[in-house]
Amino acid sequence: MPSREQVAEQLDPATTVLLTVECQQGVVGPDSALPELAKEASGSGALHHVARLVAAAHEAGVQVLHAVAERRPDGRGANHNARLFRAAGRLPVQQHSGTTAVRIAAPIEVADEDIVVRRLHGLSPIAGTDVDALLRNLGCRTLVVAGVSANVAIPNAVFDAVNLGYTAVVPSDAIAGVPADYTPVMIRHTLALVATVTTTHDVLDCWQGPRRARS
């Protein structure tokens, strides 16, 4: 892992944005469409760590974006070109726009200054959404990525962030996937090649101190 000094340099609150990925009730909540993933997100502590990161970001003046995956009830605009999409369409819980399934899950607290970005298609929280333009307008240089899943959306977000010129930081204990033993392997052999891999504790340590207003 990088030194604390290296991580601290990347995590300047004025130029850092925290992105939570698919931390919504229909994915990681008690009535999840994906109970195995929800159980892992909760049981591993990842969801708790995401909530800690969000709370600390609010205190430090770090902008928070929540990326939510949803679909229209009629399915218009949604992808059908992969097994994952077809399987999702048959699940008993659907991520329909305007329902409780697409609300941010507890214990994460959403503040008035947070931005929620919703997507109706694709696999990435960034590609094809407003996220890149928002990050540039916010003066972002470093994107902290947390949430689910380590199987699909998290690596998509990290790769897209790096391709767009941002420094990606991944708190390894604040992401989850299935099976449980896949996540550390994916982090070690994939994400660590392109992102700064750290821990929630180290990120919080960098954000401690007086609240710093974003310009």
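Begin by selecting A46, L47, H49, V50, A51, L53, V54, A56, A57, H58 and A60: these are the buried residues of helix α4. The model on screen is predicted.

Now show the whole of α4, residues 46–60. Its 15 residues reach 21 Å from first C-alpha to last, close to the 21 Å expected at 1.5 Å a residue. Because 11 of the 15 residues are buried, α4 is largely enclosed by the rest of the structure. Step just past the helix to G61, which takes a positive phi of about 80 degrees.

Next, the core. The largest nonpolar core has 34 residues. Pick out L11, L18, L53, I108 and W207, which have the most contacts inside it. Colour the elements that give two or more residues to this core: α2 (25–28), α3 (35–43), α4, β2 (63–69), β4 (142–148) and α9 (200–207). The largest share, nine residues, comes from α4.

Centre on W207. Which residues is W207 in contact with, leaving aside neighbours within four places in sequence? From α4 come L53, A56, A57 and A60.

Then move to a second, separate core of 28 residues. Select L19, V21, A153 and V197, which are among its members.

Finish on the surface. Select F159, V162, L193 and V194, which make a nonpolar patch of about 330 Å². Zoom in on L193, in the loop between α8 (182–189) and β7 (196–198). Is L193 buried or exposed? Its relative accessibility is 68%, over the 50% cut-off, so L193 counts as exposed.

Terms used
Residues are numbered from 1 along each chain as its sequence is written. This is a predicted model: local features need pLDDT of at least 70, side-chain atom pairs count only at pLDDT 80 or more; totals for chains, interfaces and linings use all residues. Side-chain values use heavy atoms; hydrogens and water are left out. Helices (H or I, at least four residues) and strands (E, at least two) are DSSP runs, numbered from the N terminus. The expected span of a helix is 1.5 Å times one less than its number of residues. Buried means under 20% relative accessible area, exposed over 50%, partly exposed in between (1.4 Å probe, protein chains only). A nonpolar core is a set of buried Ala, Val, Leu, Ile, Met, Phe, Trp, Tyr and Cys residues joined through side-chain atoms within 4.5 Å. Contact means heavy atoms within 4.5 Å. Patches are made of residues with over 30% relative accessible area and no salt bridge: like charges are joined within 9 Å, nonpolar side chains (Val, Leu, Ile, Met, Phe, Trp, Tyr) within 5 Å. Accessible areas come from the Shrake-Rupley method with a 1.4 Å probe; for residues, only the protein chains shown count as cover. A salt bridge is a side-chain nitrogen of Lys or Arg within 4 Å of a carboxyl oxygen of Asp or Glu.
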